[in-house]
Amino acid sequence: MRENARVTSSDKGDYQELVDEISELLGAPATLENRNFELIAFGAYDSEGDLDPSALDPVRTRSILTRRSTAAVRHWFEGFGITRATGPVRIPRTPEAGVYRGRICLPVRHRGVVLGYVWLLDYDPGPTDRQLAAAMLVTGRIGALLADEAQHGADLTRELRAVLTAEPGWPRDMAVAELRTALGARADGPHTVVCVAPWPSADPDDAPSVRTLPGARALCAIPWGGGTSHALKAVGESGQSLVLLVGLRSTDTLTPAVSAATRLLERAGASGAGGAGRTGAGTGGASAQDGTTGRDGGPVRTTAGGGGVAAGIAAARTGLDELGTAWAEASAAARAALAEPRLGPVARWAAIGPYRLLTRLPPEAAHDPALHGLLSPAHRELARTAEVYLDCAGQAGRTAAELGIHRQTLYYRLSRVEQLTGLDLDDGEDRLLLHMALKAARL
């Protein structure tokens with residue numbers, strides 16, 4: 001028995017083990033959520049065959065599939081006093097609220113503070129008082145683990161922020177050393193950095209729990225556009241970005257980072273920032289080799305409209321020595337995804353092409369005098385024509401098909417581009433200048 005054992009943050013597998021233990025004690029599948037109703041673990045229990053289909057009511061299904069509940073669901077359940085309860089709370093079935101089965105809520109507390117909830121579907125005749133008492137002992141062990149990890153996560157948040165916002169040199173070296181000490185052996189493993197921007201809130205309470213993100217080591221919010229590199233200063237956005245340090249199985253796959261980025265985009269979209277949260281198959285973003293393929297074999301991506309939210313993922317590294325560089329790459333990839341929809345909204349640094357160079361340039365580099373007239377609102381269609389033409393390697397047939405216009409119309413527009421810019425589209429260097437300037441203007 002482990003009721004009196006101290007549970008530390010190193011016991012990463014204990015959440016699932018403890019939830020499974022409760023499921024066995026009570027003879028019913030249980031789920032564990034933190035106090036923000038974000039799913040941490042759910043237990044599988046099957047005594048004699050398939051689970052009753054009525055158990056999968058809309059509220060339960062959403063919680064398991066999206067790993068969180070809506071604000072309305074949270075408010076409804078809290079109305080039964082679960083935030084103040086010290087023992088099991090029975091909640092009746094309410095079909096009109098999507099709750100087709102009654103619930104039993106076991107509040108997870110530590111030193112008088114509620115840190116989460118264990119949920120199980122009520123059944124007839126239901127668990128006995130003795131079973132519920134045994135299950136409450138297990139919730140005490142869960143509470144100790146949650147409390148330890150909350151403290152551990154807060155420390156890592158402070159250290160991660162210090163690493164990313166410090167000036168180069170000695171202060172950053174100290175911050176990296178402290179972060180390395182806090183991570184222990186994990187600091188020497190493979191990892192990457194994820195940047196989600198713009199993040200809708202600077203309030204730490206609005207950030208998701210590290211425990212709900214696959215492979216997460218630490219996260220923090222820092223000003224979007226802050227920092228010392230051109231890649232950060234050029235953003236021109238106000239507000240915050242959310243930065244996540246993600247541990248990887250190896251430097252060959254970014255799957256945990258893609259999963260975490262997608263979940264953060266869903267969270268940002270639910271908070272009202274842009275159009276994140278809708279999924280579909282498309283091009284760009286995470287590659288199929290990262291394990292994120294759609295039904296048609298293409299990569300799954302979240303559609304973020306103009307003014308939305310995007311995520312960038314840095315190249316994988318081993319150790320923490322290049323954490324500042326990784327952050328600059330992740331931030332640059334997020335900027336590229338916001339500027340070029342086909343790249344995002346989850347963009348890998350390795351896949352953003354010329355934006356790897358453009359995001360490193362100072363803002364004034366995007367304003368070449370030759371393009372002043374072309375980039376005016378009156379000539380937006382000409383600018384688009386020029387960009388598509390250059391994207392198609394100067395092939396008139398491909399360009400006309402892409403734009404849905406006749407070749408003669410294309411030739412007329414290109415001649416107008418030359419007149420406005422003074423550039424010769426038969427000259428390689430002029431083409432290079434025009435192409436890079438058009439891409440830079442997106443940033």
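Is E78 buried, partly exposed or exposed? Keep that in mind as you open this predicted model.

**Stop 1: helix 3.** Select residues 71-78, which form helix 3. Now pick out R74 and E78. They sit four residues apart, about one turn of the helix. Their side chains meet in a salt bridge, with 3.1 Å from N to O. E78 has 24% relative accessibility, so it counts as partly exposed. R74 is partly exposed too, at 29%.

**Stop 2: R267 and E38.** Select this pair next. Here a salt bridge joins the two side chains at 2.1 Å, N to O. R267 belongs to helix 7 (residues 255-270), while E38 is in the loop between strand 1 (30-34) and strand 2 (39-42), so the bridge ties together parts 229 residues apart in sequence. Both R267 and E38 are buried.

**Stop 3: E322 and R317.** Move on to these two. Their side chains form a salt bridge of 3.3 Å, N to O. E322 is partly exposed, at 43% relative accessibility. R317 is buried, with a relative accessible area of 12%.

**Stop 4: a network.** Select E340, R342, E387, D391, K439 and R442 together. Salt bridges with shared partners link these residues into one network. Across the structure, the count is 16 salt bridges.

Stop 5: Select C195. Its relative accessibility is 0%, so C195 counts as buried. Then select C392. This residue is buried as well, with a relative accessible area of 7%. How many disulfides does a search of the whole structure find? The search finds zero.

Technical notes: Residues are numbered from 1 along each chain as its sequence is written. This is a predicted model: local features need pLDDT of at least 70, side-chain atom pairs count only at pLDDT 80 or more; totals for chains, interfaces and linings use all residues. Side-chain values use heavy atoms; hydrogens and water are left out. A disulfide is a pair of cysteine sulfur atoms within 2.5 Å. Buried means under 20% relative accessible area, exposed over 50%, partly exposed in between (1.4 Å probe, protein chains only). A salt bridge is a side-chain nitrogen of Lys or Arg within 4 Å of a carboxyl oxygen of Asp or Glu. Helices (H or I, at least four residues) and strands (E, at least two) are DSSP runs, numbered from the N terminus.
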